[in-house]
Each structure stands twice: as C-alpha cells, then as structure tokens.
Amino acid sequence: MSIMIVFSARLNEEKKDSFADFFAEILPDTRGFDGCEGITVCTDSEDDGRLYLIEKWASKEHYEKYHHWRDERGDLEIIRSYLDLEAGGIQRVFLDVVDV
C-alpha cells in the first residue's frame, strides 16, 4: 500500500533563497530511488519561510531505506542546515493512501 509523507519545517532565514537550488540538485536521486512515486516541494503561500515536502512512496519500508541511504551519505545533515530547527523543529506525518 502506498504512503504519503508530509514534511514541514521552517527554513533557515540565511539559506531561504538558496534552498530551491539545493533541492533541484538532490531530488533527481530521490525521484529515481526504488519505491519513490513522487515528491513535490512547496512553500506556504502566506509564509514563504515554511517548507513542505509532499512525498509518495510504494511503502514505508521503501521510504525507510531511502531515509537510511540519505543519512549514510551525510545528506540529512546538509538538509538540516537549510532548516531553522529551533523554530518548531521538523514535523512528519505518515499517511496511508486510501484507494476510493
């Protein structure tokens, strides 16, 4: 069963203008990773300092393999540098896709 993940965090004010270039660089690997069915990067239309990633994966196990791979490469540390972790941290919601 596919899952959706909604990731939300505040962008680091100093890197707010460069985050899109960074994600454009790394997302082709994400989109090509086994089990990735799609990922969309969004900012809040009323608060451009709030970042959202909307991800769809074939299963939670596929996502966990991907997340582990990013961590092993050191990418998660770089991603965190683009975030203002003191302003509410990172929120992740895992949703089961209901086929109706």
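Axes here are lines fitted to C-alpha atoms, for helices over the stretch in contact, and angles run from 0 to 180 degrees between N-to-C directions. The model is predicted. In it, the axes of helix H1 (residues 19-32) and helix H2 (residues 60-73) come within 11 Å. Both helices also supply residues to the lining of the largest pocket.

**Helix pair H1 and H2**

- The two axes cross at roughly 140 degrees.
- Angles over 145 degrees count as roughly antiparallel and 65 to 115 as roughly perpendicular, so H1 and H2 are oblique to each other.
- The crossing of H1 and H2 is right-handed.
- On the H1 side the contact is made by Ile26, Asp29 and Thr30, and on the H2 side by Tyr66, Trp69, Arg70 and Arg73.
- Sorted by class, this contact has 3 nonpolar, 1 polar and 3 charged residues.

**Largest pocket**

- The space in the largest pocket is about 300 Å³.
- The pocket is lined by 18 residues, of which Phe7, Tyr63, His67, Leu76 and Ile79 are the closest to its centre.
- At least two lining residues come from each of H1, strand E3 (47-57), H2 and helix H3 (75-81).
- The lining of the largest pocket consists of 12 nonpolar, 2 polar and 4 charged residues.

Notes. Residues numbered from 1 in each chain as written. Predicted model: local features only at pLDDT ≥ 70, side-chain atom pairs only at ≥ 80, totals over all residues. Heavy atoms only, no water. Helix = DSSP H or I, 4+ residues; strand = E, 2+ residues; numbered from the N terminus. Parallel < 35°, antiparallel > 145°, perpendicular 65-115°, else oblique. Left-handed = near helix turned anticlockwise from the far one by under 90°. Contact = heavy atoms within 4.5 Å. Nonpolar A, V, L, I, M, F, W, Y, C, P; charged D, E, K, R; others polar. 1 Å grid on protein atoms, 1.4 Å probe; cavity = no way out; pocket = protein on both sides within 12 Å on 5 of 7 lines; lining within 4 Å. Points joined across faces, edges and corners; volume = space filled by probe spheres on them.
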